[in-house]
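Please open the model in your viewer and keep the selection tool at hand. The stops below go from the whole chain to single side chains.

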Amino acid sequence: MNSAARIEAFLEMMSAERGAAENTLSSYRRDLEDASQQIGGGLAGAAAADLRAYLDDIAARGFAPTSQARKLSAIRQFFKFLYAEGLRGDDPTGTLDSPKKGRPLPKTMSEADTGRLLDRAALEAGDGVNGDRLAALRLHALVEVLYATGLRVSELVGLPVTVAQRDDRFFMVRGKGDKERMVPLSAKARTAMRAWLTARATVPAFADSPFLFPAAGDSGYLSRQVFARDLKGLAARAGIAAAKISPHVLRHAFASHLLQNGADLRAVQQLLGHADISTTQIYTHVLEERLVRLVNDHHPLAD
């Protein structure tokens with residue numbers, strides 16, 4: 001069995017036994033096929049020295065430490081699979097060092113800037129001050145729901161229309177790894193969704209769409225790129241630098257503002273849909289700042 005066939009067998013196992021999502025499988029495929037092409041003789045027969053040379057090469061090519069770590073993780077899992085299946089008698093990844101990763105803090109927005117952004121979206125949706133009121137109502141619903149829930153942008157744009165039709169304070173969303181989680185909806189988000197739902201009903205092309213934010217593309221719903229573009233335009237009109245904002249930044253703001261106001265890190269992990277608490281721990285700087293303020297403001301000996 002050659003390297004290509006063994007990669008296919010590994011991907012089949014990840015799909016059938018571990019329920020890996022399509023995006024995850026595609027990422028594994030790209031990383032493993034890249035490694036196999038770069039390593040003479042293919043990936044499946046590689047020795048530790050071959051893998052080390054490959055990792056040195058991608059570092060020299062300028063791949064970020066996070067990308068290097070992702071590629072190494074895919075390779076490690078591939079060789080664990082080969083070893084477990086008896087297709088190799090050793091695991092050459094055991095002596096490989098993980099690339100040194102920095103710990104960049106996520107970009108986020110202050111509560112004041114977030115408030116200005118939401119206020120501007122509400123103003124445009126209510127008064128049509130930016131021309132296209134239908135688009136303004138959709139954008140208002142998008143930003144209110146994103147800030148209320150912390151959804152990933154792919155989860156947000158693909159929401160089913162039933163979320164708005166039910167008008168519940170909570171709904172279930174299917175995220176990474178096909179896992180479901182419950183997320184809350186604020187009163188403002190529900191109001192914005194109802195207004196968009198009413199406007200949406202006036203567009204015949206949207207009548208039969210199962211999606212809350214339908215569009216004419218192949219997916220049937222609004223693309224992430226269109227939402228990101230519209231969000232930057234809204235930010236500029238609210239007096240916020242467009243370069244500082246993206247859908248991901250609003251997701252980070254959701255998490256940071258919850259923690260600043262006393263939320264538990266485990267609860268934020270569940271709301272964001274992180275499989276591992278270590279992913280959520282990028283926000284611990286927010287907790288640290290809050291604890292410092294707590295001591296400075298309330299400790300009897302603080303100056």
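This is a predicted model: local features need pLDDT of at least 70, side-chain atom pairs count only at pLDDT 80 or more; totals for chains, interfaces and linings use all residues.

Residues are numbered from 1 along each chain as its sequence is written, and side-chain values use heavy atoms, with hydrogens and water left out.

**Largest nonpolar core.** Select Leu 117, Val 143, Leu 156 and Phe 227, which touch the most other members of this 44-residue core; such a core is a set of buried Ala, Val, Leu, Ile, Met, Phe, Trp, Tyr and Cys residues joined through side-chain atoms within 4.5 Å. Helix α6 supplies the largest share, eight residues. Around Leu 156, display Leu 142, Val 145, Leu 146, Leu 151, Phe 213 and Phe 227, its contacts (heavy atoms within 4.5 Å) when residues up to four places away in sequence are not counted. A second, separate core has 26 residues, among them Leu 25, Ala 46, Tyr 54 and Leu 96.

**Aromatic pairs.** Rings of Phe, Tyr and Trp (its six-membered ring) pair if their centres lie within 6.5 Å, and planes under 30 degrees apart count as stacked, over 60 as edge-to-face and the rest as tilted; by this rule there are six pairs. Select Phe 10 and Phe 78, an edge-to-face pair at 5.8 Å centre to centre with 85° between the planes. Phe 10 lies in helix α1 (residues 3-16) and Phe 78 in helix α4 (residues 65-84), 68 residues apart. Next, select Trp 196 and Phe 213, which are stacked at 6.2 Å centre to centre with 20° between the planes; Trp 196 belongs to helix α9, whereas Phe 213 sits in the loop between α9 and α10.

**Last stop.** Select Arg 138 in helix α6 (residues 133-149). Is Arg 138 buried or exposed? At 16% relative accessibility, Arg 138 counts as buried. Leaving out residues up to four places away in sequence, Arg 138 touches Trp 196, Phe 213, Leu 222, Val 226 and Asp 230.

Notes. Helices (H or I, at least four residues) and strands (E, at least two) are DSSP runs, numbered from the N terminus. Buried means under 20% relative accessible area, exposed over 50%, partly exposed in between (1.4 Å probe, protein chains only).
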